Amino acid sequence: MMDGKTVPGPKGHPLLGSAADFVAAPAEFLLRVAIDYGDIVRFRVLQTTFFLCAKPEYIQEVLVTQSEKFHKARRDVAILSKFLGRGILVTDGAYHKRQRKMVQPAFHTTRIQAYADIMVEYTRRMIDQWADGSVQPVDRAMRQLTMEIVAKSLFDADVTGQAGVIGEAVETLQQIAGLDFRVQNVIPDWLPLERNRRRAAAAETLNQIIRTIISERRKTPEDKGDLLSMLLLSEDEQGTRMTDQEVRDEAVTLFAAGHETTANALSWTWYLLSQNPEVEARLHQELDTAFAGRRVTLADLPRLPYTAMVIKESLRLYPPAWVLNARETLADVRIDDYVIPKGSSVFIAPYAVHRNPRYFDDPLRFDPERFSPEREKSIPRYAYFPFGGGPRVCIGNSFAMMEAQLILATIAQRFRLLLLPDQRVDTDPQVTMGPKYGLRMQVQARQIGGQA
Ligand code: HEM
């Protein structure tokens, strides 16, 4: 093995290591060890040793410079591939590279612009149902909305009436994956467990619907303008298209990766706005000047810089992808003076960097001005990375930012969302990080907001 400086970290319990702290509050644990031990930290959970890269330069090494030396950790892949198959989120190496190139065209700027109207239309439909003064389960409303948007953007008209069924199946599969992540060993499919039975049933429903959609589409191979058309038409360098199974896996991956994250980002943004009235007032001012009540469109986004700053700052404090999938080292990897041995699991956690006072002054303060054009430039690279980085940076990054801005602008134009006094708020770091106790808020119609 290569020689390197000893990686610091907590000793923990002789048998359990840091298991108790890590399991009780994983995001806070990673933040605390990042603050206490610095650039790179080593800790043990039962028999497994983990490394946390906490310094932006080291994160860049893992995600970009030496990314080919890291694969997604086997355990994460085993759990997620049970429903994502071989979609880009869970594959590595040459196959990942090929598939990523095939999926990428679906996210070209010109392509995603077509989805903007869907985003605004679905948001308006939702808030048309909101009565002034009513209490809404905002976390659930945001999930439902982003799910409908991704269903429509992926499958266009084919899912009318079925979006709910697809969404429910994907939510079940995601929820069971979440349970799997909480146990040490990967649960074999053949065990007669309730969770395996539910997983199999949801997978069957999902696969049947998607298989039918794909085979219908193959009959008339025209471009319907949705993500699925692009997946079906995409060719690799040899001019080969994806098989039905490959299209299925990528479509389910986009569906799964494409709604819960954005929904959580929006929920946290509503929460933060309710706690920071001066920020909320500035947001309203920007929206009222730009629209005076008229419908938001994609062309308006350049005129909404503060709206974008609010979302960026919300993604800093509450990054929905609070930790990336663990990476496994394929060989000994040298980072600066340290060596991470072959076969180690490495964590990269946006939450543990975004809230570290070393990189952000007064890190718990919600201050969108950090992302003003002048100040944003001074944030070190990889001190802020809610969408990851390098060859597997979030493929839906621009889609998500556009979606969050359009939804926020459309709703905030018409309503204020007020936190109920008895609503408890805490983070719930599962596969993504949402509000632990939900987010019930009272909606209050605004004066200037449009009748448009
Ligand atoms: C605010 C919303 C979102 C956040 C915070 C987010 C965050 C991330 C992060 C951090 C990664 C990298 C994971 C890693 O390296 O382990 C990622 C990957 C990915 N995201 Fe997103 N995402 C968001 C929205 C979306 C949307 C809307 C889509 C699709 C419509 C999407 C599709 C994907 C896919 C397919 C990958 C895997 C890419 C690969 O490994 O090559 N995401 N996302």
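Predicted model: local features only at pLDDT ≥ 70, side-chain atom pairs only at ≥ 80, totals over all residues.
## Rings, burial and a ligand

Colleague: What makes Phe22, Phe29, Phe43, Phe50 and Phe347 a cluster?

Modeller: Ring pairs link these five residues, Phe22, Phe29, Phe43, Phe50 and Phe347. Rings of Phe, Tyr and Trp (for Trp, its six-membered ring) count as a pair when their centres lie within 6.5 Å. Residues are numbered from 1 along each chain as its sequence is written, and side-chain values use heavy atoms, with hydrogens and water left out.

Colleague: How many aromatic pairs does the structure hold?

Modeller: There are 17 aromatic pairs. One of them joins Tyr58 and Tyr338, with 6.3 Å centre to centre and 70° between the planes.

Colleague: How do you know whether Tyr58 is buried or exposed?

Modeller: Buried means under 20% relative accessible area, exposed over 50%, and partly exposed in between (1.4 Å probe, protein chains only). Tyr58 has 4%, so it is buried, and Tyr338, at 10%, is buried too.

Colleague: What makes the pair of Phe371 and Tyr384 tilted?

Modeller: Their planes are 55° apart and their centres 4.7 Å, which gives a tilted pair. Phe371 has a relative accessibility of 2% and counts as buried; Tyr384, with 18%, is buried as well.

Colleague: Which residues of helix α3 are buried?

Modeller: In α3 (residues 56–65), Pro56, Tyr58, Ile59, Val62 and Leu63 are buried. Seen down the helix axis they fall within an arc of 160°, so they line one face of α3. That arc is taken from the directions from the helix axis to the C-beta atoms.

Colleague: How do you know which residues surround the ligand?

Modeller: A residue counts as near a molecule if one of its heavy atoms lies within 4 Å of it. That gives 26 residues, the closest being His96, Arg100, Arg327, Arg392 and Cys394. They divide into 14 nonpolar, eight polar and four charged. Here Ala, Val, Leu, Ile, Met, Phe, Trp, Tyr, Cys and Pro are nonpolar, Asp, Glu, Lys and Arg charged, and the others, Gly among them, polar.

Colleague: What makes Cys394 a donor of the iron atom?

Modeller: Donors are N, O and S atoms within 2.8 Å of the metal (3.2 Å for Na, K and Ca); water is not among the atoms, so sites may look incomplete. The SG atom of Cys394 is at 2.3 Å, and it is the only protein donor of the iron.

Colleague: How far is Arg392 from an oxygen atom of the ligand?

Modeller: A polar side-chain atom of Arg392 lies 3.0 Å from that oxygen. A polar contact is a pair of N or O atoms within 3.5 Å; within protein, one must be able to donate a hydrogen and the other to accept it, and residues adjacent in sequence count only if both atoms are side-chain atoms. Lys72 places a polar side-chain atom 3.2 Å from a ligand oxygen.

Key. Helix = DSSP H or I, 4+ residues; strand = E, 2+ residues; numbered from the N terminus. Phe/Tyr/Trp six-rings, centres within 6.5 Å; stacked < 30°, edge-to-face > 60°.
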